[in-house]
Amino acid sequence: FRRVLFRSPALAAAPPIGKQNAGFYRYKVGTHEVTVVTDGVNRFKFPDGFVVNKTRDEVNASWTALYQQKDEMVIPYSPIAVNTGSKLVVIDTGTGEANFERSKGAAGQFHGNLKAAGIDRNQVDLVIISHFHGDHISGLLTADNKPAFPNAEITVPAAEWKYFMDDAEMAKQTTDRMKGVFSGLRRVFDALGRKVTQYDA
């Protein structure tokens with residue numbers, strides 16, 4: 001055995017793949033199949049005032065009690081696909097394919113993992129957006145700003161649509177964060193021709 005082992009030529013001549021397994025978890029709810037698909041994670045040092053009305057020390061006390069790193073926020077992104085048997089539905093869409101390169105693969109993984117889970121985005125019937133944060137809407141577009149779900153009806157909350165599409169509300173914004181939220185979501189929905197269906201809570 002030892003002689004054969006050491007005389008065998010190396011079989012791993014190809015370079016390492018360098019990629020983890022696809023990130024998805026599938027389960028059933030009644031007759032519906034639910035697939036939770038990771039988009040990755042965002043890690044950052046949180047700024048003062050990140051949690052309203054709490055000091056950095058108070059936030060850190062709570063955060064470290066949960067065995068998290070002091071001063072660091074870790075936010076995972078997990079959009080969902082639901083196969084009802086008659087419809088394929090996606091709930092939220094992650095940070096977008098363009099973010100994959102920007103984040104060096106830490107986020108923007110949703111579409112790659114969706115495909116690896118055997119779900120073709122061209123077959124999605126309905127996309128439900130829960131709210132307008134960038135990690136929920138940016139995956140509506142491909143890396144080249146085309147519709148990521150070309151055959152799907154895109155549904156959005158009516159109250160948020162009314163607020164964020166109001167030019168007067170956009171003009172009132174004073175912080176860079178909120179100016180960025182307004183411009184980011186308008187970039188996404190303008191690329192879709194603002195073709196959405198609004199729903200009430």
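Predicted model: local features only at pLDDT ≥ 70, side-chain atom pairs only at ≥ 80, totals over all residues.
Buried here means under 20% relative accessible area, exposed means over 50%, and partly exposed is whatever falls in between, with a 1.4 Å probe and protein chains only. Residues are numbered from 1 along each chain as its sequence is written, and side-chain values use heavy atoms, with hydrogens and water left out.

**The sheet**

- Helices (H or I, at least four residues) and strands (E, at least two) are DSSP runs, numbered from the N terminus.
- Two strands are said to pair if DSSP finds at least two bridges between them.
- As a bit of background, strands of a sheet pair through backbone hydrogen bonds, either parallel or antiparallel.
- In this model, seven strands make an open sheet with mixed pairing, and the order runs S1-S2-S5-S6-S7-S8-S9.
- At the edges sit S1 and strand S9 (197-199), each of which pairs on one side only.
- On average, neighbouring strands of this sheet are turned by 25° against each other, direction ignored; the axes behind that angle are lines fitted to C-alpha atoms (for helices, over the stretch in contact), and angles run from 0 to 180 degrees between N-to-C directions.

**Walking across the strands**

- Start at S1 (residues 24-29), which pairs with S2 (residues 32-37) in the antiparallel sense over six bridges.
- Within that pair, Arg26 is opposite Thr35 of S2.
- The hairpin of S1 and S2 has two residues between the strands, and Gly30 takes a positive phi near 60° there.
- Next along, S2 pairs with S5 (residues 80-83), again antiparallel, over four bridges.
- Here Val34 has Val82 in S5 as its bridge partner.
- S5 also pairs with S6 (residues 88-91) in the antiparallel sense, over four bridges.
- Two places to look at in that pair are Ala81, which stands opposite Val90 in S6, and Ile80, which stands opposite Ile91 in S6.
- The S5 and S6 hairpin has four residues between the strands, with Gly85 at a positive phi near 100°.
- With S6 and S7 (residues 126-128) the sense is parallel, over three bridges.
- Val90 turns up again here, standing opposite Val127 in S7.

**Salt bridges**

- A salt bridge is a side-chain nitrogen of Lys or Arg within 4 Å of a carboxyl oxygen of Asp or Glu.
- Searching the whole structure turns up seven salt bridges.
- One of them joins Arg26 and Glu33, with the closest N and O atoms 3.6 Å apart.
- Arg26 is partly exposed, with a relative accessible area of 31%, and Glu33 also counts as partly exposed, at 31% relative accessibility.
- Another joins Asp71 and Arg56, where the closest N and O atoms are 2.8 Å apart.
- That pair links distant parts of the chain: Asp71 lies in the loop between helix H2 (56-65) and strand S4 (72-77), while Arg56 is in helix H2, 15 residues apart.
- Arg56 counts as partly exposed, at 26% relative accessibility.
- Lys172 and Glu169 also meet through their side chains in a salt bridge (3.4 Å, N to O).
- In this one Lys172 counts as exposed at 55% relative accessibility, whereas Glu169 counts as buried at 19%.
- Salt bridges with shared partners tie Asp48, Arg56 and Asp71 into one network.

**Helix H2: one side in, the other out**

- Val59, Asn60 and Trp63 are buried in H2.
- These residues cover an arc of only 95° around the axis, so they lie on the same side of H2; the arc is that of the directions from the helix axis to the C-beta atoms.
- Asp57 and Ala65 are exposed on the other side of H2.

**A nonpolar surface patch**

- Tyr25, Tyr27 and Val29 make a nonpolar surface patch of about 320 Å².
- Patches are made of residues with over 30% relative accessible area and no salt bridge; like charges are joined within 9 Å, and nonpolar side chains (Val, Leu, Ile, Met, Phe, Trp, Tyr) within 5 Å.
- Accessible areas come from the Shrake-Rupley method with a 1.4 Å probe, and for residues only the protein chains shown count as cover.
- Tyr25 has its place in strand S1 and is exposed, with a relative accessible area of 56%.
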